[in-house]
Amino acid sequence: MTEAAIRDTAVSLLLRQPLQGAFALHFFDYRHFLTDGKVLFDTIASYESRTGTRLPIRVDGLSIQNGPHTLLFYEDRGRSRSRIAFTIAHELGHIYLSHREGSRHEENEANRFAAELLLPTCVVRYLDCRLGHPLSPLQLTAYSAASLTVCRRRRAMLDRLGPSAITENETKLVKRLFLPEN
């Protein structure tokens, strides 16, 4: 899948969320991501408790197709808020990018999707322009639920990519976050 398609899918999903204001992405709780009933969220501990089974391997997250729904389970024991957000965003990447193989390529796509969902390209570019300089990874953590490590990687990737055209959906997202109507 192209970077543009990954970006568009992530931004389209963000536009469905009740986000408004400059720090909305920082405070947004990804455990309550709106998916029109397509995805049901729960913790791995809750799954293990209800089924009486322990997963054979320890993972941060997994998603299982169950009829018309996808069950998304995430590990919350001993995980930071930013780790949980990334795990959920990564699993949503697998779901919304229609991954089926579990290949390294799909894992990389899901990671790129998660980074785009947590810290959209259009948001970073807007903030850079608004403040007159590229925001540091530490500064980016104020605007996102992403960890400092994810913000470092995101900053480096966007610096390598250089400028890109902004889509209509990206414009809508930036307006909703930074130019609320009075």
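**Exercise 1. Take Y30 at 2% relative accessibility: does that make Y30 buried or exposed?**

Solution. Y30 counts as buried, because its relative accessibility is 2% and buried means under 20% relative accessible area, with exposed over 50% and partly exposed in between (1.4 Å probe, protein chains only). Before going on, note that this is a predicted model, where local features need pLDDT of at least 70, side-chain atom pairs count only at pLDDT 80 or more, and totals for chains, interfaces and linings use all residues. Residues are numbered from 1 along each chain as its sequence is written, and side-chain values use heavy atoms, with hydrogens and water left out.

Next, look at F28: at 10% relative accessibility, F28 counts as buried too. Across the chain, 47% of the 182 residues count as buried.

**Exercise 2. Find how the rings of F28 and Y30 are arranged.**

Solution. Start with the rule: rings of Phe, Tyr and Trp (its six-membered ring) pair if their centres lie within 6.5 Å, and planes under 30 degrees apart count as stacked, over 60 as edge-to-face and the rest as tilted. The structure holds six aromatic pairs. In one of them, F28 and Y30 sit 4.9 Å centre to centre with 85 degrees between the planes, so the pair is edge-to-face. Then widen the view: ring pairs link F28, Y30 and F33 into a cluster.

**Exercise 3. Work out which elements the Y47 and F73 pair links.**

Solution. First the geometry: Y47 and F73 are 4.8 Å apart centre to centre, with 50 degrees between the planes, which is tilted. Now place the residues. Y47 lies in helix α3 (residues 44-51) and F73 in strand β3 (residues 69-74), 26 residues apart, so the pair links distant parts of the chain. Here helices (H or I, at least four residues) and strands (E, at least two) are DSSP runs, numbered from the N terminus. Finally, check the accessibility: Y47 is partly exposed at 24%, whereas F73 counts as buried at 6%.

**Exercise 4. Describe the largest pocket: what volume does it have, and which residues line it closest to the centre?**

Solution. On a 1 Å grid over the protein atoms alone, a pocket is an open set of points where a 1.4 Å probe fits, with protein on both sides within 12 Å along at least five of seven lines; lining residues have an atom within 4 Å of a point. The largest pocket holds about 360 Å³ of space. Of its 15 lining residues, F86, N111, A115, V150 and R153 are the closest to the centre. By element, α4 (81-96), α5 (104-118) and α8 (148-161) each supply at least two lining residues, and α8 gives the most, with six. By class, the lining has four nonpolar, six polar and five charged residues.

Definitions and conventions. Grid points are joined across faces, edges and corners, and a volume is the space filled by probe spheres set on the points. Ala, Val, Leu, Ile, Met, Phe, Trp, Tyr, Cys and Pro count as nonpolar, Asp, Glu, Lys and Arg as charged, and the others, Gly among them, as polar.
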